[in-house]
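Hi,

Here is the structure I promised to send over.

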Amino acid sequence: MPRYFFHVTHKRRELDPEGYELPDEHAAWKEATVTAGQILQGLHGKLTPDREWRIEVVDESRNTLYVLRINAEKRT
């Protein structure tokens, strides 16, 4: 079964050293959306304006498959 890695960036980049074995890219996408929701909920309002939050899905060959981005912007 292929392995997928989920790297998260907010303030600093955190690389997923172990990844997850999942059946295919579709399953990796689903895992990324669920994981993103859980992480964002866990920030408890600490998402920083004018700084991007992202999760990057990478395959075993280190190819980026998906990137989910949230940009918090302060409008003046």
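Below is what I found, going from the whole chain down to single side chains.

A word on the ground rules: this is a predicted model, so local features need pLDDT of at least 70 and side-chain atom pairs count only at pLDDT 80 or more, while totals for chains, interfaces and linings use all residues. Residues are numbered from 1 along each chain as its sequence is written, and side-chain values use heavy atoms, with hydrogens and water left out.

**The whole chain**

You'll find 1 helix and 5 strands, in the order β-β-β-α-β-β along the sequence. Helices (H or I, at least four residues) and strands (E, at least two) are DSSP runs, numbered from the N terminus. Along the principal axes, the C-alpha atoms fill a box of roughly 50 × 20 × 20 Å.

Of the 76 residues, 32% are buried; buried means under 20% relative accessible area, exposed over 50%, and partly exposed in between (1.4 Å probe, protein chains only). The accessible surface is about 5500 Å², and 46% of that belongs to carbon and sulfur atoms. Those areas come from the Shrake-Rupley method with a 1.4 Å probe, and for residues only the protein chains shown count as cover.

If you look at contacts between residues at least 6 apart in sequence, 44% join residues at least 24 apart (contact means heavy atoms within 4.5 Å).

On charges, there are 12 positive and 13 negative side chains, with the centres of the two sets 10 Å apart. Lys and Arg count as positive and Asp and Glu as negative; His and the chain ends are not counted. Each charge is placed at NZ of Lys, CZ of Arg, CG of Asp or CD of Glu.

**Aromatic rings**

Rings of Phe, Tyr and Trp (its six-membered ring) pair if their centres lie within 6.5 Å; planes under 30 degrees apart count as stacked, over 60 as edge-to-face and the rest as tilted. That rule gives 2 aromatic pairs.

One is Phe6 with Tyr20, edge-to-face at 5.7 Å centre to centre and 65 degrees between the planes. This pair links distant parts of the chain, with Phe6 in strand β1 (residues 3-10) and Tyr20 in strand β3 (residues 20-21), 14 residues apart. Phe6 is buried at 7% relative accessible area, whereas Tyr20 is partly exposed at 44%.

Another is Trp29 with Tyr66, tilted, at 5.0 Å and 55 degrees. Trp29 sits in helix α1 (residues 25-42) and Tyr66 in strand β5 (residues 64-72), so the pair ties together parts 37 residues apart in sequence. Trp29 is partly exposed at 34%, and Tyr66 is partly exposed at 24%.

There is also a charge over a ring: Arg62 lies over the face of Phe5, at 4.5 Å from the ring centre. To count, NZ of Lys or CZ of Arg must be within 6 Å of the ring centre and within 35 degrees of the ring normal.

Leu68, in strand β5, is buried at 17%. Leaving aside residues up to four places away in sequence, Leu68 touches Trp29, Ala32, Thr33, Ala36, Trp53, Arg54 and Ile55.

Val8, in strand β1, is buried at 14%. With the sequence neighbours up to four places away left out, Val8 touches Arg13, Glu14, Ile39, Trp53, Arg54 and Ile55. The C-alpha atoms of Val8 and Trp53 are 7.6 Å apart, although 45 residues separate them along the chain.

Cheers
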